[in-house]
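I opened the notebook for a first look at this model, and here is what I looked up, entry by entry.

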Amino acid sequence: MSIASRVPATGTTPELLKAAGLPTLAELHALDPKQQPGYADPAKVDQVVDSLRRLPPLVFAGECDELRGQLAKVAAGEAFILQGGDCAETFDGVTATNIQGKLRTLLSMAVVLTYAAQVPVVKIGRLAGQYAKPRSSDVETRDGVSLPAYRGDAVNGFAFTPESRTPDPDRLLGVYNASAATLNLARGFVTGGFADIRTMHTWNSTFVNQYGVRASGAGQRYEQLAAEIERALAFMVAAGVDPEKMRTVDFYSSHEALILEYEHALTRIDSRTQRPYDTSGHFIWIGERTRQLDGAHVELFRHLRNPIGVKLGPTTTADTALELADRLDPDHEPGRITFITRMGAGRIRDLLPEVVEKVTASGRQVAWICDPMHGNTFEAANGYKTRAFSDVIDELNGFFDVHDELGTWPGGVHVELTGDDVTECVGGADELVEADLVNRYETLCDPRLNRNQSLELAFLVAERLTDGRINRSANPVQDFQPITF
Ligand SMILES: O=C[C@H](O)[C@H](O)COP(=O)(O)O
Ligand SMILES: C=C(OP(=O)(O)O)C(=O)O
Ligand SMILES: [Mn+2]
């Protein structure tokens, strides 16, 4: 996130939004939006929306444009996206340690991908806004008691009491504050020296020492890579490259833009272009459960200028993907749309080819990225919701296989991860088993890869990118020589 001399969007009113073509909240609600909180007190909701409208934007519209430009490079096969973070951020999780942990995990993965696969990596956190969750059931039942399901800290509390589970619109102000605090620290880290590539050794030092990752392989490989990069950087500096260029990285925020009140209230008319941007995050996506063509989310998103993502699950037909693209990107603007496929390890090889083929044949340049998490969730025998690392990798391999076969560019990965040594997904080099889940299961929604599993995934993806490039004739980055470790 370069803090450039952009003019922040200011002075947006509902009237100006309407004049810019944005549907009103009432118009969106008339479309029967899915997965919304169902607030009891509309007057209170109006008050919160009004307060949010007065607050400064969280991101600048110009940054969203910069990101769209980078995603256009991904769509053209010239860069790779790493998008990751919690399934559900929590207000309690807004601590320096927690934010730093996620950031250093993402930065470490990005270095592995950049160096090992020799491809520029666009870094996007699932953070500073990822507080609202769609659920498969509206209720949760424990010991015969049924209460509204937890829908993320944006909506209600996790504690299993009627009070806590009642949707509270004031929480949307909490989302704004938590996102602002997170983004502020993230900006500080990425511009202030923490992300300096010359310090990459330190991002994992505590982890390596404390938890014995060296033994697992991924940590050890990371250490070797860091040593190699340090030598290369020392050489570059000796050869006259300005070391200041290594101090900062671009980093962007993203979340599923689920709660219409929040996203609408954070939408501002950009003073440079007079166009609406959802300033709650740089990149926002529509989830698998809310991507109905004639639904409220598609209707809102099609008016927003942010680069946007759409999740495509196993029921997606090629025609649906095309219709979504037509509706959300009528101008065929490279970088505008990223399709995030999440079909499941067992199905991706059958389902993805036709979707990619048809969209590609239409002449569109979209970015394709793989979410290998959401199609591979299951309940362990001991009741924990989990995912197997092997399924995650299997889906990723399927994604690379399909794109290799079609000659299209596998543009990135989207993963749920944390910087902590949690035990939420089974497998990986540490061979976590179902009985381990009880040890450190901290997510309030979906199971995340821990730091070790995340790093391991990055090495596997780097290998696929390196191998595949040899056969990928249409790809502009093909000329890089593969590097092996
Ligand atoms: O994060 C995603 C969804 O909220 C989640 O997969 C749905 O989970 P559920 O089936 O537990 O509601
Ligand atoms: C809800 C999510 O995914 P999906 O919409 O793909 O189910 C998610 O990314 O947390
Ligand atoms: Mn999730």
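Before the first entry I noted a convention on handedness: a crossing is left-handed if the near helix is turned anticlockwise from the far one by less than a right angle, and right-handed if clockwise. I also kept in mind that this is a predicted model.

**Entry: α14 and α15**

With that convention in hand, I looked up the crossing of α14 and α15, and it is right-handed. Helix α14 covers residues 318–328 and helix α15 covers residues 348–361; their axes come within 8 Å and cross at roughly 40 degrees. Angles under 35 degrees count as roughly parallel, so at roughly 40 degrees α14 is oblique to α15. Next I listed who makes the contact: Ala318, Ala321, Leu322 and Ala325 on the α14 side, with Glu354, Val355, Lys358 and Val359 on the α15 side. Sorted by class, I have six nonpolar, no polar and two charged residues in the contact of α14 with α15.

**Entry: α5 and α7**

I then turned to helix α5 (residues 96–117) and helix α7 (residues 171–192). They pack at an angle of about 55 degrees, and their axes are 10 Å apart. That angle makes α5 oblique to α7. I looked up the handedness here too: α5 passes α7 in a right-handed crossing. From α5, the residues Ala96, Ile99, Gln100 and Leu103 meet Thr182, Leu185, Ala186 and Phe189 of α7. By class, the contact of α5 with α7 has six nonpolar, two polar and no charged residues.

**Entry: ligand 1**

Which residues are around ligand 1? I found Cys87, Lys133, Pro134, Arg135, Ser136, His374, Cys445 and Asp446. In this shell I have three nonpolar, two polar and three charged residues.

**Entry: ligand 2**

Which residues surround ligand 2? My list reads Cys87, Pro134, Glu256, Gly287, Glu288, Arg289, Lys311, Arg342, His374 and Asp446. By class, the shell of ligand 2 comes to two nonpolar, two polar and six charged residues.

**Entry: the whole chain**

Last, I stepped back to the chain. Its secondary structure comes to 17 helices and 14 strands. The radius of gyration is 22 Å, close to the 23 Å that the globule rule gives for 485 residues, so the chain is as compact as a globular protein of that length. I also looked up the extent of the C-alpha trace, which spans about 60 × 55 × 45 Å along its principal axes.

Key:
Residues are numbered from 1 along each chain as its sequence is written. Chains are lettered from A and ligands numbered from 1 in the order in which they are written. This is a predicted model: local features need pLDDT of at least 70, side-chain atom pairs count only at pLDDT 80 or more; totals for chains, interfaces and linings use all residues. A residue is near a molecule or strand if its C-beta atom, placed from the backbone, lies within 6 Å of it. Ala, Val, Leu, Ile, Met, Phe, Trp, Tyr, Cys and Pro count as nonpolar, Asp, Glu, Lys and Arg as charged, and the others, Gly among them, as polar. Axes are lines fitted to C-alpha atoms, for helices over the stretch in contact, and angles run from 0 to 180 degrees between N-to-C directions. Helices (H or I, at least four residues) and strands (E, at least two) are DSSP runs, numbered from the N terminus. Angles under 35 degrees count as roughly parallel, over 145 as roughly antiparallel, 65 to 115 as roughly perpendicular and the rest as oblique. Two residues are in contact if their C-beta atoms, placed from the backbone, lie within 7 Å. The radius of gyration is taken over C-alpha atoms; the globule rule is 2.2 Å times the number of residues to the power 0.38.
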